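Morning, everyone. I'd like to walk you through one chain today, so let me put it up on the screen.

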Amino acid sequence: MQMKRERATTVLNEMLERLEQNAWPLNLITEIHIFGSYIRGALEVGDIDVVVQHTTDERWTEQSLNAFFGGRDGYVPMRQALRGNRRGISFQFQGRDSLQSEDIELLLLWRQGEPIALAKQRLAAITPDTTAGRAPRDHVLPAYETLADLIPRPVRIDLHRWSTDHKITMTTLALPDAQPRTTTATRHMDDRWVSNSPLRRAAAAALAYLESTGQRLDRCEVHRQYLARGATDQTIDCFVDLGWRYWRSAERYLADGQSWFEVLPATSRQPLNALHITPVARP
(Lines give C-alpha, C1' and ligand atoms only; values in the text may rest on other atoms or scores of the structure.)
Protein backbone atom coordinates (compact mmCIF):
# COMPACT_ATOMS: atom_id res chain seq x y z
CA MET A 1 0.00 0.00 0.00
CA GLN A 2 1.33 3.42 -0.96
CA MET A 3 1.63 6.26 1.54
CA LYS A 4 1.74 9.98 0.79
CA ARG A 5 5.04 11.62 1.69
CA GLU A 6 3.35 14.01 4.12
CA ARG A 7 1.93 11.13 6.11
CA ALA A 8 5.27 9.31 6.08
CA THR A 9 6.94 12.42 7.49
CA THR A 10 4.33 12.58 10.26
CA VAL A 11 4.91 8.92 11.10
CA LEU A 12 8.68 9.48 11.36
CA ASN A 13 8.29 12.59 13.51
CA GLU A 14 5.98 10.72 15.87
CA MET A 15 8.55 7.93 16.09
CA LEU A 16 11.21 10.47 17.08
CA GLU A 17 8.94 11.94 19.74
CA ARG A 18 8.47 8.50 21.26
CA LEU A 19 12.21 7.94 21.12
CA GLU A 20 12.72 11.17 23.08
CA GLN A 21 10.90 9.64 26.07
CA ASN A 22 13.93 7.34 26.48
CA ALA A 23 11.97 4.64 28.29
CA TRP A 24 13.05 1.00 28.10
CA PRO A 25 13.78 -0.45 25.58
CA LEU A 26 14.18 2.82 23.64
CA ASN A 27 17.05 3.79 25.93
CA LEU A 28 19.06 0.95 24.38
CA ILE A 29 18.96 2.47 20.88
CA THR A 30 22.25 3.97 19.69
CA GLU A 31 21.49 4.93 16.07
CA ILE A 32 18.57 5.24 13.70
CA HIS A 33 19.03 5.36 9.92
CA ILE A 34 16.50 5.53 7.11
CA PHE A 35 16.82 4.36 3.51
CA GLY A 36 14.77 3.57 0.45
CA SER A 37 12.19 5.68 -1.36
CA TYR A 38 11.73 8.26 1.38
CA ILE A 39 15.32 9.53 1.39
CA ARG A 40 15.24 9.62 -2.42
CA GLY A 41 12.46 12.20 -2.16
CA ALA A 42 9.61 10.06 -3.53
CA LEU A 43 6.19 11.68 -3.15
CA GLU A 44 4.65 8.28 -2.39
CA VAL A 45 6.35 5.46 -0.52
CA GLY A 46 5.51 1.96 0.62
CA ASP A 47 6.69 1.12 4.10
CA ILE A 48 9.32 3.50 5.46
CA ASP A 49 12.60 1.61 5.77
CA VAL A 50 14.22 2.24 9.16
CA VAL A 51 17.43 0.70 10.54
CA VAL A 52 17.85 0.53 14.31
CA GLN A 53 21.16 -0.13 16.07
CA HIS A 54 21.05 -0.85 19.79
CA THR A 55 22.90 -2.20 22.78
CA THR A 56 21.54 -4.74 25.25
CA ASP A 57 21.08 -4.99 29.00
CA GLU A 58 20.13 -7.77 31.39
CA ARG A 59 16.41 -7.19 30.92
CA TRP A 60 16.75 -7.27 27.12
CA THR A 61 18.78 -10.48 27.24
CA GLU A 62 16.21 -12.17 29.45
CA GLN A 63 13.19 -11.22 27.34
CA SER A 64 15.05 -12.10 24.12
CA LEU A 65 15.87 -15.57 25.41
CA ASN A 66 12.29 -16.09 26.56
CA ALA A 67 11.04 -15.01 23.15
CA PHE A 68 13.52 -17.25 21.35
CA PHE A 69 12.62 -20.38 23.30
CA GLY A 70 8.95 -19.52 22.94
CA GLY A 71 9.29 -19.11 19.18
CA ARG A 72 8.33 -15.43 19.36
CA ASP A 73 9.82 -12.29 17.84
CA GLY A 74 12.06 -10.75 20.50
CA TYR A 75 11.88 -7.35 18.82
CA VAL A 76 8.17 -6.84 19.44
CA PRO A 77 8.73 -4.58 22.52
CA MET A 78 11.17 -2.29 20.68
CA ARG A 79 9.11 -2.23 17.51
CA GLN A 80 5.93 -1.32 19.38
CA ALA A 81 7.70 1.30 21.50
CA LEU A 82 8.99 3.01 18.36
CA ARG A 83 5.89 2.99 16.21
CA GLY A 84 3.06 2.92 18.75
CA ASN A 85 -0.21 2.18 16.97
CA ARG A 86 1.08 3.47 13.64
CA ARG A 87 1.63 1.23 10.65
CA GLY A 88 3.88 1.85 7.70
CA ILE A 89 7.39 1.42 9.15
CA SER A 90 9.56 -1.56 8.24
CA PHE A 91 12.27 -1.96 10.88
CA GLN A 92 15.59 -3.68 10.46
CA PHE A 93 17.46 -4.21 13.69
CA GLN A 94 21.25 -4.33 13.81
CA GLY A 95 21.28 -4.23 10.00
CA ARG A 96 23.45 -1.16 9.33
CA ASP A 97 26.67 -3.00 8.44
CA SER A 98 24.89 -5.54 6.25
CA LEU A 99 23.11 -2.83 4.27
CA GLN A 100 26.27 -0.78 3.86
CA SER A 101 28.09 -3.87 2.57
CA GLU A 102 25.39 -4.07 -0.13
CA ASP A 103 26.06 -0.41 -1.06
CA ILE A 104 22.59 0.63 0.05
CA GLU A 105 22.50 4.32 0.87
CA LEU A 106 21.64 5.04 4.51
CA LEU A 107 20.83 8.42 6.03
CA LEU A 108 21.68 8.90 9.69
CA LEU A 109 18.58 10.28 11.39
CA TRP A 110 19.65 10.17 15.02
CA ARG A 111 22.57 9.07 17.17
CA GLN A 112 22.50 8.50 20.92
CA GLY A 113 23.34 11.70 22.77
CA GLU A 114 21.98 14.00 20.07
CA PRO A 115 18.86 16.12 20.64
CA ILE A 116 15.75 14.89 18.86
CA ALA A 117 15.42 18.38 17.40
CA LEU A 118 18.53 17.68 15.32
CA ALA A 119 16.97 14.49 13.96
CA LYS A 120 13.87 16.43 12.98
CA GLN A 121 16.04 18.97 11.19
CA ARG A 122 17.70 16.18 9.21
CA LEU A 123 14.28 14.84 8.34
CA ALA A 124 13.03 18.23 7.19
CA ALA A 125 16.15 18.73 5.06
CA ILE A 126 15.32 15.78 2.79
CA THR A 127 14.04 17.40 -0.39
CA PRO A 128 10.97 15.99 -2.12
CA ASP A 129 11.66 15.01 -5.72
CA THR A 130 8.79 14.75 -8.19
CA THR A 131 10.94 12.58 -10.47
CA ALA A 132 11.88 10.06 -7.80
CA GLY A 133 10.08 6.76 -8.09
CA ARG A 134 10.06 3.92 -5.66
CA ALA A 135 13.34 2.35 -4.70
CA PRO A 136 13.58 -1.12 -6.24
CA ARG A 137 12.88 -3.99 -3.84
CA ASP A 138 15.87 -6.28 -3.43
CA HIS A 139 15.84 -10.03 -2.78
CA VAL A 140 12.62 -10.41 -4.76
CA LEU A 141 11.99 -13.68 -6.57
CA PRO A 142 9.32 -14.24 -9.25
CA ALA A 143 7.50 -16.59 -6.86
CA TYR A 144 6.55 -13.71 -4.57
CA GLU A 145 7.09 -10.65 -6.77
CA THR A 146 3.41 -9.65 -6.59
CA LEU A 147 3.50 -9.73 -2.78
CA ALA A 148 6.94 -8.17 -2.28
CA ASP A 149 5.51 -5.03 -0.66
CA LEU A 150 3.89 -7.19 2.03
CA ILE A 151 7.07 -9.08 2.87
CA PRO A 152 9.61 -7.42 5.21
CA ARG A 153 13.13 -7.19 3.82
CA PRO A 154 14.67 -9.60 6.39
CA VAL A 155 12.05 -12.19 5.39
CA ARG A 156 12.78 -11.62 1.69
CA ILE A 157 16.46 -12.23 2.41
CA ASP A 158 15.63 -15.55 4.13
CA LEU A 159 13.33 -16.64 1.31
CA HIS A 160 15.86 -15.70 -1.34
CA ARG A 161 18.63 -17.63 0.43
CA TRP A 162 16.55 -20.75 1.03
CA SER A 163 15.23 -20.74 -2.53
CA THR A 164 18.69 -20.19 -4.02
CA ASP A 165 19.98 -23.09 -1.92
CA HIS A 166 17.07 -25.21 -3.23
CA LYS A 167 15.76 -25.82 0.27
CA ILE A 168 12.18 -24.66 -0.34
CA THR A 169 9.46 -24.18 -2.91
CA MET A 170 6.94 -21.35 -2.64
CA THR A 171 3.40 -20.70 -3.75
CA THR A 172 1.58 -17.38 -3.45
CA LEU A 173 -2.18 -17.18 -3.53
CA ALA A 174 -5.10 -14.87 -2.96
CA LEU A 175 -6.92 -16.19 0.08
CA PRO A 176 -10.72 -15.93 -0.04
CA ASP A 177 -12.74 -15.54 3.15
CA ALA A 178 -13.95 -18.97 4.20
CA GLN A 179 -14.61 -21.12 7.25
CA PRO A 180 -13.13 -24.58 7.85
CA ARG A 181 -15.58 -27.47 8.22
CA THR A 182 -13.53 -29.33 10.82
CA THR A 183 -15.21 -28.98 14.24
CA THR A 184 -11.89 -28.92 16.09
CA ALA A 185 -10.74 -25.90 14.08
CA THR A 186 -13.99 -24.01 14.59
CA ARG A 187 -13.94 -24.66 18.34
CA HIS A 188 -10.30 -23.58 18.54
CA MET A 189 -11.02 -20.26 16.83
CA ASP A 190 -14.15 -19.63 18.90
CA ASP A 191 -12.20 -20.18 22.10
CA ARG A 192 -9.33 -18.01 21.00
CA TRP A 193 -10.71 -14.98 19.16
CA VAL A 194 -13.84 -12.84 19.04
CA SER A 195 -15.88 -13.07 15.85
CA ASN A 196 -14.60 -9.79 14.34
CA SER A 197 -10.91 -10.36 15.12
CA PRO A 198 -8.59 -9.89 12.12
CA LEU A 199 -6.56 -12.85 13.38
CA ARG A 200 -9.66 -15.05 13.45
CA ARG A 201 -10.52 -14.02 9.90
CA ALA A 202 -6.99 -14.83 8.71
CA ALA A 203 -6.84 -18.14 10.59
CA ALA A 204 -10.25 -19.23 9.25
CA ALA A 205 -9.28 -18.45 5.66
CA ALA A 206 -5.95 -20.25 6.02
CA LEU A 207 -7.43 -23.35 7.63
CA ALA A 208 -10.29 -23.52 5.11
CA TYR A 209 -7.77 -23.39 2.25
CA LEU A 210 -5.50 -26.02 3.79
CA GLU A 211 -8.51 -28.23 4.46
CA SER A 212 -9.50 -27.97 0.79
CA THR A 213 -6.06 -29.27 -0.23
CA GLY A 214 -6.45 -32.38 1.93
CA GLN A 215 -4.31 -31.13 4.83
CA ARG A 216 -5.41 -32.66 8.15
CA LEU A 217 -6.10 -29.73 10.46
CA ASP A 218 -5.35 -31.76 13.59
CA ARG A 219 -1.79 -31.76 12.29
CA CYS A 220 -1.62 -27.95 12.06
CA GLU A 221 -0.29 -25.41 14.52
CA VAL A 222 -1.87 -21.95 14.30
CA HIS A 223 -0.08 -18.88 15.60
CA ARG A 224 1.82 -20.90 18.20
CA GLN A 225 -1.04 -23.11 19.39
CA TYR A 226 -1.92 -26.67 18.43
CA LEU A 227 -5.39 -27.31 17.10
CA ALA A 228 -5.60 -30.83 18.48
CA ARG A 229 -5.16 -31.84 22.09
CA GLY A 230 -2.11 -33.94 22.67
CA ALA A 231 -0.36 -32.70 19.55
CA THR A 232 3.41 -32.19 19.61
CA ASP A 233 5.91 -30.59 17.26
CA GLN A 234 6.61 -34.08 15.90
CA THR A 235 2.97 -34.54 14.81
CA ILE A 236 2.69 -31.17 13.05
CA ASP A 237 2.72 -30.98 9.25
CA CYS A 238 2.06 -27.26 8.80
CA PHE A 239 2.57 -24.10 10.82
CA VAL A 240 0.16 -21.24 10.12
CA ASP A 241 1.50 -17.78 10.99
CA LEU A 242 -0.55 -14.59 10.95
CA GLY A 243 1.63 -11.58 10.20
CA TRP A 244 5.28 -12.68 10.63
CA ARG A 245 4.92 -12.90 14.41
CA TYR A 246 6.75 -16.22 14.64
CA TRP A 247 8.93 -16.01 11.55
CA ARG A 248 12.10 -16.62 13.57
CA SER A 249 10.91 -20.21 14.01
CA ALA A 250 10.34 -20.82 10.30
CA GLU A 251 13.78 -22.20 9.49
CA ARG A 252 13.54 -24.78 12.27
CA TYR A 253 10.11 -25.98 11.13
CA LEU A 254 11.17 -26.19 7.50
CA ALA A 255 14.34 -28.09 8.44
CA ASP A 256 12.13 -30.61 10.25
CA GLY A 257 10.13 -31.17 7.07
CA GLN A 258 7.10 -29.10 8.08
CA SER A 259 5.54 -26.53 5.76
CA TRP A 260 4.90 -22.87 6.62
CA PHE A 261 1.75 -20.98 5.68
CA GLU A 262 2.02 -17.20 6.16
CA VAL A 263 -1.11 -15.05 5.91
CA LEU A 264 -0.43 -11.44 4.92
CA PRO A 265 -1.80 -9.18 6.03
CA ALA A 266 -4.15 -10.24 8.83
CA THR A 267 -6.64 -7.37 8.61
CA SER A 268 -10.37 -6.88 9.04
CA ARG A 269 -11.20 -5.73 5.51
CA GLN A 270 -8.24 -5.80 3.13
CA PRO A 271 -7.86 -8.74 0.74
CA LEU A 272 -5.95 -11.62 2.28
CA ASN A 273 -2.94 -13.19 0.60
CA ALA A 274 -0.80 -16.10 1.61
CA LEU A 275 2.64 -17.52 1.05
CA HIS A 276 2.87 -21.32 1.27
CA ILE A 277 6.45 -22.47 1.84
CA THR A 278 7.29 -26.15 1.54
CA PRO A 279 10.65 -27.78 2.26
CA VAL A 280 12.30 -29.65 -0.60
CA ALA A 281 12.59 -33.33 0.20
CA ARG A 282 16.18 -34.49 0.41
CA PRO A 283 17.17 -37.72 -1.35
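The expected span of a helix is 1.5 Å times one less than its number of residues. Two caveats as well. This is a predicted model, where local features need pLDDT of at least 70 and side-chain atom pairs count only at pLDDT 80 or more, while totals for chains, interfaces and linings use all residues. Residues are numbered from 1 along each chain as its sequence is written, and side-chain values use heavy atoms, with hydrogens and water left out.

Okay, helix α6, residues 153-164. It has twelve residues, and from first C-alpha to last it reaches 16 Å, close to the 16 Å expected at 1.5 Å a residue. Which of its residues are buried? Buried, by the way, means under 20% relative accessible area, exposed is over 50%, and partly exposed is in between, with a 1.4 Å probe and protein chains only. For α6 the buried ones are Arg153, Val155, Arg156, Asp158, Leu159 and Trp162. An α-helix has 3.6 residues a turn, so residues three or four places apart point the same way. And what sits over those α6 residues? The cover includes β2, β5, α4 (96-101), β7 (168-175), α9 (250-255) and β12 (272-279), where contact means heavy atoms within 4.5 Å. Just after α6 you'll find His166, with a positive phi of about 60°.

Now to α1. Its 16 residues should span 22 Å at 1.5 Å a residue, and the end C-alpha atoms are 23 Å apart, which agrees. Its buried residues are Arg5, Ala8, Val11, Leu12, Asn13, Met15, Leu16, Arg18 and Leu19.

Leaving out residues up to four places away in sequence, Leu82 touches Met15, Arg18, Leu19, Leu26, Ile29, Ile32, Val52 and Phe91.

On the α1 side you have Met15, Arg18 and Leu19, and they meet Ala81, Leu82 and Arg83 in α3. By class, this contact of α1 with α3 holds four nonpolar, no polar and two charged residues. For the classes, Ala, Val, Leu, Ile, Met, Phe, Trp, Tyr, Cys and Pro count as nonpolar, Asp, Glu, Lys and Arg as charged, and the others, Gly among them, as polar.

Compare helix α7 (residues 183-192) and helix α8 (residues 198-212): about 170°, axes 10 Å apart. These two are therefore roughly antiparallel to each other. Ala185, Thr186, Met189 and Asp190 of α7 make the contact with Arg200, Ala203, Ala204 and Leu207 of α8. The class count for α7 with α8 is five nonpolar, one polar and two charged.

Last stop, some backbone details. In the loop between α1 and β2 we have Asn22, with a positive phi near 60° in a residue other than glycine. Asn22 is partly exposed, with a relative accessible area of 48%. Pro25 is found in the loop between α1 and β2 too, and a cis peptide bond joins Trp24 and Pro25, with omega about 5°. Then there's Trp244, in the loop between β10 and α9: not a glycine, yet its phi is positive, about 65°. Is Trp244 buried or exposed? Buried, with a relative accessible area of 13%.

Note on methods. Helix = DSSP H or I, 4+ residues; strand = E, 2+ residues; numbered from the N terminus. Axes fitted to C-alpha atoms, helices over the stretch in contact; angles between N-to-C directions. Parallel < 35°, antiparallel > 145°, perpendicular 65-115°, else oblique.
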